[in-house]
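Here is a short report for a first look at a protein model. Keep the structure in view while reading.

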Amino acid sequence: MSPLNEFSKRPMADTLVLFDVDGTLTPARDVISDEMKKVLVELRKKCVIGFVGGSDISKQYEQLGSTILEDFDYCFAENGLTAYRLGKQLASQSFIQWIGDAEYNKLVNFTLRYIADLDIPRKRGTFIEFRNGMINISPIGRNCSREERNEFEKYDLARGIRKKFVEALKKEFSHLAITFSIGGQISFDVFPTGWDKTYCLRHVKEQGFKQIHFFGDKTFPGGNDYEIYTHPSVIGHSVKSYLDTIRILKENFL
């Protein structure tokens with residue numbers, strides 16, 4: 001049976017629409033709105049939908065709700081390294097198995113020393129978040145408040161704190177095939193090259209989709225949506241907010 005047969009009652013069953021989470025389906029680090037939920041319900045009646053986020057699955061539950069495995073056909077956390085299709089988990093990958101403890105310890109030590117010497121207005125806690133398929137590094141710390149998060153984003157945009165941090169890591173660990181991807185407001189991801197958001201496409205490559213669309217807000221070079229947004233098999237849509245996403249969906253799909 002063709003994988004698409006499970007979606008055959010939908011008018012655009014051979015079309016997959018994927019979404020970034022933060023800033024695309026939701027405001028940054030906030031929860032999904034009722035309006036967006038309604039739009040996604042209508043969209044799912046027509047085509048196949050999924051999300052692809054850089055954070056772990058627990059963050060997706062926080063932002064998109066407790067029923068994400070039922071609300072989306074595909075759920076890709078950590079760029080697809082943790083993946084679900086119609087509620088069933090697919091094969092996963094491990095960053096620590098790939099890099100090994102020796103190199104990982106060097107990476108962590110360098111990162112913490114760099115942050116210790118970093119002169120920024122505020123530092124909080126959880127500067128490194130260990131995930132299944134990557135690590136997430138935050139100069140201010142992920143435990144900062146929403147107000148502090150917004151404050152750091154403006155500070156970073158003016159001074160390039162994260163960009164300079166990434167350049168230092170690239171220089172120090174040039175011998176490793178790792179990618180650094182800036183996303184959200186306060187952090188950046190570190191993962192093996194090729195394990196960016198295009199990784200999720202491995203799960204749908206043989207599914208028979210004729211069109212794959214992707215909506216994201218960090219679509220600039222170095223942003224964590226850039227690789228999938230510019231992928232030759234993907235039709236990319238760059239948005240500035242979830243309201244932008246709703247507008248484009250209504251104009252083109254609904």
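What volume does the largest pocket have? The largest pocket has a volume of about 340 Å³.

## Ground rules

This is a predicted model, in which local features need pLDDT of at least 70, side-chain atom pairs count only at pLDDT 80 or more, and totals for chains, interfaces and linings use all residues. Residues are numbered from 1 along each chain as its sequence is written, and side-chain values use heavy atoms, with hydrogens and water left out.

## Pockets

A pocket is found on a 1 Å grid over the protein atoms alone, as an open set of points where a 1.4 Å probe fits, with protein on both sides within 12 Å along at least five of seven lines. Lining residues have an atom within 4 Å of a point. Grid points are joined across faces, edges and corners, and a volume is the space filled by probe spheres set on the points.

The lining of the largest pocket takes in 27 residues. Asp-22, Ser-55, Gly-183, Gly-184 and Asn-224 lie nearest the centre of this pocket. Helix 2 (57-64), helix 6 (146-159) and strand 9 (187-192) are the elements that give two or more residues to this lining. Strand 9 has the largest share, three residues. By class, the lining holds four nonpolar, 12 polar and 11 charged residues. Here Ala, Val, Leu, Ile, Met, Phe, Trp, Tyr, Cys and Pro count as nonpolar, Asp, Glu, Lys and Arg as charged, and the others, Gly among them, as polar.

The second largest pocket has a volume of about 230 Å³. Its lining includes Glu-153, Asp-156, Arg-162, Lys-163 and Gly-184. Helix 6 and helix 7 (161-172) each supply at least two lining residues. Helix 6 gives the most, with three. The classes here are three nonpolar, two polar and five charged.

## The enclosed space

A cavity is a set of grid points where the 1.4 Å probe fits but cannot get out. The structure holds one cavity of 30 Å³ or more. About 40 Å³ of space lies in the largest cavity. Pro-121, Arg-122, Ile-140, Glu-148, Glu-151, Phe-152 and Tyr-155 line that cavity. Four of these lining residues are nonpolar, none are polar and three are charged.

## Overall form

The chain has nine helices and 11 strands. Its radius of gyration is 18 Å, close to the 18 Å that the globule rule gives for 254 residues, so the chain is as compact as a globular protein of that length. The radius is taken over C-alpha atoms, and the rule is 2.2 Å times the number of residues to the power 0.38. Helices (H or I, at least four residues) and strands (E, at least two) are DSSP runs, numbered from the N terminus.

Along the principal axes, the C-alpha atoms fill a box of roughly 60 × 35 × 30 Å. Of the 254 residues, 56% count as buried. Buried means under 20% relative accessible area, exposed over 50%, and partly exposed in between (1.4 Å probe, protein chains only).

Seven strands form an open sheet in the order 5-4-3-2-1-10-11, with mixed pairing. Strand 5 (88-89) and strand 11 (235-238) stand at the edges with a single partner strand each, so one side of each is left without a neighbour in the sheet. Two strands pair if DSSP finds at least two bridges between them.

Strand 3 (residues 74-77) is covered on both faces. Tyr-74 and Phe-76 are buried on one side, Cys-75 and Ala-77 on the other. Strand 2 (residues 47-52) pairs with strand 3 in the parallel sense over three bridges. In that pairing, Cys-75 is the bridge partner of Phe-51.

Strand 4 (residues 82-85) runs antiparallel to strand 3, joined by four bridges. Ala-77 has Thr-82 as its bridge partner. Four residues lie between the strands of this hairpin, where Glu-78 takes a positive phi near 50°. Strand 4 and strand 5 are also antiparallel, with two bridges. There, Tyr-84 stands opposite Gln-89.

## Aromatic rings

Rings of Phe, Tyr and Trp (its six-membered ring) pair if their centres lie within 6.5 Å; planes under 30 degrees apart count as stacked, over 60 as edge-to-face and the rest as tilted. The count comes to 13 aromatic pairs. Phe-95 and Trp-98 are stacked, because their ring centres are 6.3 Å apart and their planes at 20°. Both sit in helix 4 (residues 95-99), three residues apart, so about one helical turn separates them. Phe-95 is buried at 0% relative accessibility, whereas Trp-98 is partly exposed at 37%.

Phe-110, Tyr-114, Phe-165, Phe-173 and Phe-188 form one aromatic cluster.
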